[in-house]
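Dear colleague,

Please find below the structure that I am handing over to you. My notes on it follow.

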Amino acid sequence: MASFSERVSSTISNSLVGLAVSMSWEVGIFQALLDTEVPLTSHQVAQAKGLKERYVRELLGCMSVAEFVRIVEGEDGTFLYTLEEEAKKALQSRLAALLTFPAVLSSTYSSVKECVFQHGPAGHSYSDRVQAFFDNFLEYDAPLLTSAFLENVPNLQTKLEQGIDVIEYGAGQGQLSATLASKFPNSHFVASEVVSSLVDKSRTRWDHISNLSFSLDDACSLQERPGHEFDWVFCNNVIHDLPDPVAALQGIKRVLKKPEGVFTFLDHAFSGSPLKEKGNLDVARYYATGTFLCIPESYQREESLALGPCWGKQTSVGMLQNAGYLVEVVTLDKARALFICHHSKET
Ligand SMILES: C[S@@+](CC[C@H](N)C(=O)[O-])C[C@H]1O[C@@H](n2cnc3c(N)ncnc32)[C@H](O)[C@@H]1O
C-alpha cells in the first residue's frame, strides 16, 4: 500500500483537479469541446463560451494533464484540444450531474465548518444550489429509479395502470413523481415536501400534469388520514436526511393503506462501520458527502439522530422492523438499495 504521505498527496491532487473539472463543466469548456468535431485552441474555446482565454488555457492545462481532454500540438506550435468519443458519450450521461459535485460541496464549506464547532449551529437546510444539484441528478435518475420500482415491487405496475393513490415524501422539485404520474395517468400522485419554496417550484413546473398534486408536509409528523390512506408511499434519498426518521417511519405506516399498502424507498445500504469499509474510497466519499450535506440538513434539530448516508443496512432494517414493517432490501448498485416495506402481520 502507498505511504500515508503518498495517499494524502494523491487525494489532495484529486480534490483540486475535481474542482477544476467542476469549473470546466460549469463555464462551458467541456460543452465547447462536445459541440465540435475539430480540435480547438484555447482562444477558440474562450470565444465560443464568452470566457477569458487565460483562465481557459489554465483549466485546459489541468484537464489535459489529467488526461480528461486530448491535447495535440498544431503545426504552428499552438495546442489543440479535443474530446475522445468515449469522453463525449460519458459527458452526456449521469456523469454530467456528478461533475458539479466538488463545486457544490465547496459552496457549503464555510457554513458547515461553523456547524462542526461545539459553539456553532447544529446544522442548516440545503441551499438552493444544493437542491438544484439533486434535481439535476434526477434528470438522469428518474427513468432508472422508475424502472427499479416497477421491476422490483410485485404487482406495482399493474396496480398503477389500474389506478391507485400514491405519495412521495421529500420530493424535492417533484421530478420523480412527475415522471411516474406521466407514465400512469389512471393513478393519482402527490409530490410532498417540507420546504415550501420547493412545493411552489414543483407546482409551477408540473402544473400541466393533471394527476399530480402538491403538498407541504413534514414527513416526521404525519397524522392519520382515515379513509384517505395511500396505496403506495415512496421516497428517494430522504430517510437518512430526516431529523427524526423513527417518527417518519411510524407516520408513514399511519398513512399507508392497511394491509395491502407498500412503502418503498431508495437509500444507501453500506455496512455502517468505517472499520468494515476500511480502504473503500467509494464509501469514504459518502462519509464526506454526509459531512457537507446530509448531517447539516438532518441536524437542524439538536435532538436529531443525524444518521448520515452511511447509516448502514443493519440500522435501517432494524428501524423499519421496530416500526412494524416487513422489509426486503434489493441492492441496485455499489451505493444504492431499494427498501420494500409492508405492514407486518402483528401491527
Ligand atoms: C437529498 S434530498 C432528495 C430530494 C429528492 N427526493 C431527490 O431524489 O432528489 C432530501 C429531501 O428531503 C427533504 N426533507 C428534509 N427533511 C424533511 C422532512 N422533515 N419532511 C419531508 N421532507 C424533508 C429535503 O427538503 C430534500 O428535498
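Which residue has a backbone N or O atom 2.7 Å from a nitrogen atom of the ligand? That residue is Gly-170. The model is a predicted one, in which local features need pLDDT of at least 70, side-chain atom pairs count only at pLDDT 80 or more, and totals for chains, interfaces and linings use all residues. Residues are numbered from 1 along each chain as its sequence is written, and side-chain values use heavy atoms, with hydrogens and water left out.

The ligand site

Two further N or O pairs involve the ligand: a backbone N or O atom of Ala-219 lies 2.9 Å from a ligand nitrogen atom, and a polar side-chain atom of Gln-131 lies 3.5 Å from a ligand oxygen atom. Taken alone, the ligand exposes 590 Å², of which the protein buries 96% (accessible areas by the Shrake-Rupley method with a 1.4 Å probe).

The shell around the ligand comprises nine nonpolar, five polar and five charged residues (Ala, Val, Leu, Ile, Met, Phe, Trp, Tyr, Cys and Pro count as nonpolar; Asp, Glu, Lys and Arg as charged; the others, Gly among them, as polar). Helix H9, residues 128-152, gives the most to this shell, with three residues (helices are DSSP runs of H or I, at least four residues, numbered from the N terminus).

Thr-100

Thr-100 lies in the loop between helix H6 (95-98) and helix H7 (101-107). Its side chain reaches the backbone oxygen of Ala-97 at 3.0 Å. Thr-100 counts as buried because its relative accessibility is 10% (buried means under 20% relative accessible area, with a 1.4 Å probe and protein chains only).

Yours sincerely

Note on methods
A polar contact is a pair of N or O atoms within 3.5 Å; within protein, one must be able to donate a hydrogen and the other to accept it, and residues adjacent in sequence count only if both atoms are side-chain atoms. Helices (H or I, at least four residues) and strands (E, at least two) are DSSP runs, numbered from the N terminus. Buried means under 20% relative accessible area, exposed over 50%, partly exposed in between (1.4 Å probe, protein chains only).
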